[in-house]
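Trainee: Could you take a close look at one helix for me and walk me through how it packs against its neighbours?

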Amino acid sequence: MTSSSQYGQGSAPPPGFAQARTRHQRARSAGMDPDHWYPVERDSALRRGQVVEVTFWKRSIALFRGEDGVLRAVNNRCAHRQLALTEGRVVGCALTCMYHGWSHDGDGKVSHIPHERFGRPLPRTSIGSYPVQVRYGLIWIFPGNPELAASRPVPEVPELTGVDPWPCVPVDAVWNGHHSMIIDNVSDFTHAYLHRKYQPFVDATLTSLDSDDDRVRVSYRTKVGGSRMARLLIDPTVDTGSINLCYEYPYQWSDTGGKIKHWCFLLPIDERTTRAFFLFLFAPDLYRIPFLPVRLPRMLVTPLLRAARRAYIEPLLDQDRVAIESEQRGYERYHGALIPELNPAVREMQALTVKKWAGYADSTASLPAPTDRRSAAHA
């Protein structure tokens, strides 16, 4: 018999990745391989001359847009006294510390010091910077080895890049849960009970599962969009009787009948906090006028989706948020309990998360410790 103190109130904190014993514990303590592009903010959220803090796996990054409109990202610390640069301000195309006014350019190098330097040149130190780009209305950062940034592109979403892009509903939110819990949630269709009010999918049956070194593919036979309103609006010729999903590390996507798709991009902040960026995509010819075999005009699709976001998509995702945050609290309290996971797709996705993080950790363990890139004369 297990004592209540072992897993209950007052127990030890969950184990770190190196100490974890089970697949479940390892998945819940894994980071995400930084050698990929990660969204960190909406492009529209950052004005010229503005700086914000974004966090990738406990690493604080200062993201700023210079007066020239160009986005830049540097480690969030002044080279001088380590103050957070996000407490300073953007001056021209540089980020200036609030304390002594030291400015740092987009490469993280000290570019200006406004006070007396006592005959010394500008320090040659760099606080480090990150490649940045904008795609699909999102700002992406490559937090890993910058030499790999060009060979590991942001995933292609052809529905948003063609001459006739699909209508898109973007949603993002910070959830107090580990990133692996979100991947489990958006790929595991056995939790229809949670969404019984909205019925985004019903009666799901796993029909296929396969995986390789980089992805896990899953198919379910299910009824997508089972609510009465969805049945009225969606073209009945569209195949909504099945869905294909893929955890294409570190991203996740789904496809229903080639007409309803979504992407889920995660920003892992720490072991219990994740920002999720969703793009919900709908083919322009998906909707019809209720009770008529007439396609809904494109000019009416956008306001329809705006209304659907408020009335359906955001409340649906909020149910997921509540469940995941409760799961996070439960894991922190009962992390030693055995988990009888029934869905083999979830086990495969957790295994991929563990494998990728372990591979990254192993590769960096053999590297020499980083050195402070500064002149000995300024030590």
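Mentor: First, the axes here are lines fitted to C-alpha atoms, for helices over the stretch in contact, with angles running from 0 to 180 degrees between N-to-C directions. Helices are DSSP runs of H or I, at least four residues, numbered from the N terminus. This is a predicted model, where local features need pLDDT of at least 70, side-chain atom pairs count only at pLDDT 80 or more, and totals for chains, interfaces and linings use all residues. Residues are numbered from 1 along each chain as its sequence is written, and side-chain values use heavy atoms, with hydrogens and water left out.

Now, H4. The axes of H4 and helix H7 (residues 344-365) come within 10 Å and cross at roughly 150 degrees, so the two are roughly antiparallel (over 145 degrees). The crossing is right-handed, i.e. the near helix is turned clockwise from the far one by less than a right angle. His179, Ile183, Asp184 and Ser187 of H4 meet Val346, Met349, Gln350 and Thr353 of H7, contact meaning heavy atoms within 4.5 Å. That's three nonpolar, four polar and one charged by class.

Key. Parallel < 35°, antiparallel > 145°, perpendicular 65-115°, else oblique. Nonpolar A, V, L, I, M, F, W, Y, C, P; charged D, E, K, R; others polar.
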